[in-house]
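Here's a quick tour of some charged and aromatic side chains. Take a look at the model first, then read on.

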Amino acid sequence: MELMLTIWIEDRNQKRMPVSQALIMDKTRSLWDAIKMEEEAELQPSTSGAQPSTSGPHRYEEFKASEGWFRQFKSHEFRWFF
């Protein structure tokens with residue numbers, strides 16, 4: 001998810017579009033929701049009888065784009081930007 005977010009931020013910067021903490025956190029939540037929906041769709045029983053995988057980094061955890069998450073994200077990914 002962080003890679004997708006980084007690409008999104010860099011794309012906005014190249015297009016000279018504004019990027020704020022609130023906007024980044026909103027985008028992060030929407031990316032998380034999309035990832036969750038995709039994984040939930042993968043967990044639906046298939047007609048072939050094959051069992052879906054239950055492994056993966058997002059299966060059993062909840063994500064909140066909190067202030068603490070944002071501080072850590074910007075310190076690792078965007079020290080130069082903020």
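## Salt bridges

Asp26 and Arg29 sit three residues apart in helix H2 (residues 21-43), so about one helical turn separates them. Helices here are DSSP runs of H or I with at least four residues, numbered from the N terminus. Asp26 and Arg29 form a salt bridge, with their closest N and O atoms 3.0 Å apart. The term salt bridge means a side-chain nitrogen of Lys or Arg within 4 Å of a carboxyl oxygen of Asp or Glu.

Searching the whole structure turns up two salt bridges. Lys15 makes one with Asp11, at 3.1 Å between the closest N and O atoms. Lys15 is exposed at 51% relative accessible area, while Asp11 is partly exposed at 31%. (Buried is under 20%, exposed over 50%, partly exposed in between, using a 1.4 Å probe and protein chains only.)

## About the model

This is a predicted model: local features need pLDDT of at least 70, side-chain atom pairs need 80 or more, and totals for chains, interfaces and linings use all residues. Residues are numbered from 1 along each chain as its sequence is written, and side-chain values use heavy atoms, leaving out hydrogens and water.

## An aromatic pair

The whole structure holds one aromatic pair. Trp69 and Phe73 are stacked, 5.1 Å centre to centre with 10 degrees between the planes. Rings of Phe, Tyr and Trp (its six-membered ring) pair when their centres lie within 6.5 Å; planes under 30 degrees apart are stacked, over 60 edge-to-face, and the rest tilted. Both Trp69 and Phe73 are buried.

How values were computed. Helix = DSSP H or I, 4+ residues; strand = E, 2+ residues; numbered from the N terminus.
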